[in-house]
Protein chains: 2
Amino acid sequence: MAIQTKPRKFLNDPADVVKESLAGLAAAHGDLLRYDRAAQIIVCKDAPRAGKVALVSGGGSGHEPLHGGFVGRGMLDAACPGEVFTSPVPDQMLAATKAVDGGAGVVHIVKNYTGDVLNFKMAAEDAADDGIRVASVVIDDDVAVQDSLYTAGRRGVGATVLAEKIAGAAAEKGASLDKVADTVKRVNERARSFGVALSSCVPPASGKPIFELPEGEIELGIGIHGEPGRRRAALGSASEVVDVMVEAVISDLKARAGSQVLAFVNGMGGTPQLELYLLYGEVDRKLRAAGVVPVRNLVGSYITSLEMAGASLTVLQLDDELTELWDAPVHTPALRWGV
Amino acid sequence: MAIQTKPRKFLNDPADVVKESLAGLAAAHGDLLRYDRAAQIIVCKDAPRAGKVALVSGGGSGHEPLHGGFVGRGMLDAACPGEVFTSPVPDQMLAATKAVDGGAGVVHIVKNYTGDVLNFKMAAEDAADDGIRVASVVIDDDVAVQDSLYTAGRRGVGATVLAEKIAGAAAEKGASLDKVADTVKRVNERARSFGVALSSCVPPASGKPIFELPEGEIELGIGIHGEPGRRRAALGSASEVVDVMVEAVISDLKARAGSQVLAFVNGMGGTPQLELYLLYGEVDRKLRAAGVVPVRNLVGSYITSLEMAGASLTVLQLDDELTELWDAPVHTPALRWGV
């Protein structure tokens, strides 16, 4: 297979891709957020809001709309974007924490990657030194592998989106720091994910695929940075692929029969919506056959790996409180309803 | 370049991809719409609504979320999806028209492709025979080429999304058949688009790219089915590409200096959001430099060509009425605000 010598991308200087994209996000959504170029963070326009618990997340770029696209009302108060597939630094996290603390404390939502976890830990300690109360919760919902290239323990993937939405709604309703942090934890504990890839993505800096997947093969259990999954296999039908995804998620979730769930079919960036809805049809049917009932769903590319072709399934076991928080109004660039 | 022998896609039988995707859309959004499998149409759940003018659009599949993803409240009442890149047949259009007519008439929004125009014309005549008043408006906003492989005259592209939203809001407010049709016409007259491609897409049935674009080249003026544009050129920087797009659109639009516009940066399906917002930043800046002011924007993949890497720019010259209709509530799978 030919390696592209020039990436097929809209770029100026590849070193500036993240900064320029964040500037564009702020230009498009100035009613919701601002880009602090010096601190390299995206901040909700009306932050800090006195008395409201604030939510901060962040991680490497290349997963858009995660996280900057989820800053606004009813979700994140700030996002710290690193370079592509690279953890942000503690200074960004500290700046974001200071920018959004309204006196009620700040929840850090941290995907379980070694760099992110370490850096958020340092930022939380620094914030505490400055008198800001911080509660950190690590997301590790990916059932594909126990440890990975970049993690001790499971990786944090699709549940991050759901936790940000649901805990953001709790904070909007006036929940305490402990309660908001507990809501993130509950979403993480009740959610499981599994992803598959049909192609690599191409990071802008290198312009080269980060792995090679021979024609007709699929990587089962892929991570969001192209980290290897459980195994490669011949690419079967969509129905067969969904069988693997549903089995992996449901067997680990151990949901009681008849449980109400939110089913999140996520595109990795390069899979067209035509296919994502085809997958959702299979997921919906197979979840019901497995004894759980998808009463809410989300279908689209929300936590991506640049232009990777692939998809992930996240299943969240709902209860009345989580359902109500999911349904609550949200207004961000990438998720919006009720307002 | 190697031709893939097996498409990197989530598929069961390639012949069923559209049907299965529509079934998935309906499974995910049963609160908004239903899939009539026999008639092969997507219909708003509460259609027909007595006294409301109804909007129907349709065309080949592979452009999702267009059109099925825009069925709901405040936008389309029904969509007729053909096979991938293939016009729907008149029977689908007639069935959709009958399903949504609430006595106030039906507007057909037709993208300017020969098959679509002919088939919608036949359906409108048949509907008239059944006593349904139909007004048809053809969208032809693409400034790239005067005629093309599939059109006499300009192609209909991004303005379709804006017309469906804006005219849908007019219908929701109780506008007459003439007024709703006139609103579609006004959007079309005041909008211009220009698209570029960095790669081909791969239709599911053939599993092969529909054109070859050598490494490091860009197709300027691409259509949404891979139809050739104005020319191929060396892929320059994002800034240079946006210069071409903005110049093509603005020189044709002839907007008065200081005009307020809606700027729509659309992804073709395979371009990550990281790049789309980078493009939006360039577009916003260059439009202002060209003397028009983007007071509204839309950034995302709304009228796609499967997984083609590329983007299009649509600029709509607003007035107070169009702005108010754009801002009005909408609730569809792909566009939602105010509700």
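Through which surface do the copies, chain A and chain B, meet? I began my notebook with that one, keeping in mind that this is a predicted model.

**Entry 1, the interface.** I looked up the interface residues of chain A and found that 100% of them are also interface residues in chain B, so the copies meet through the same surface.

Next I laid chain A on chain B. A turn of 180° with a shift of 0.0 Å along the axis does it, and the RMSD is 0.0 Å. I noted this down as the relation of a two-fold axis.

I then turned to an open sheet of 6 strands in chain B, which I traced in the order E9-E8-E7-E12-E10-E11, with mixed pairing. Strands E9 (231-234) and E11 (293-300) of chain B each have a single partner strand and stand at the edges, so one side of each lacks a neighbour in the sheet. On average, neighbouring strands here are turned by 20° against each other, direction ignored.

**Entry 4, one strand pair.** I followed E8(B), residues 217-220, to E9(B): the two run antiparallel and 4 bridges join them. Glu219(B) has Arg232(B) in E9(B) as its bridge partner.

Which strands does helix H5 of chain B lie across? I found H5(B), residues 177-189, across E7 (191-197) and E12 (310-317) of chain B, running at about 55° to E7(B). Helix H8(B), residues 320-327, also packs on the sheet, where it touches E10 (260-267), E11 and E12 of chain B. I noted an angle of about 35° between the directions of H8(B) and E11(B).

Terms used: Residues numbered from 1 in each chain as written. Chains lettered and ligands numbered in written order. Predicted model: local features only at pLDDT ≥ 70, side-chain atom pairs only at ≥ 80, totals over all residues. Heavy atoms only, no water. Pairing = 2+ DSSP bridges. Axes fitted to C-alpha atoms, helices over the stretch in contact; angles between N-to-C directions. Contact = heavy atoms within 4.5 Å. Least-squares fit on C-alpha atoms with pLDDT ≥ 70 in both.
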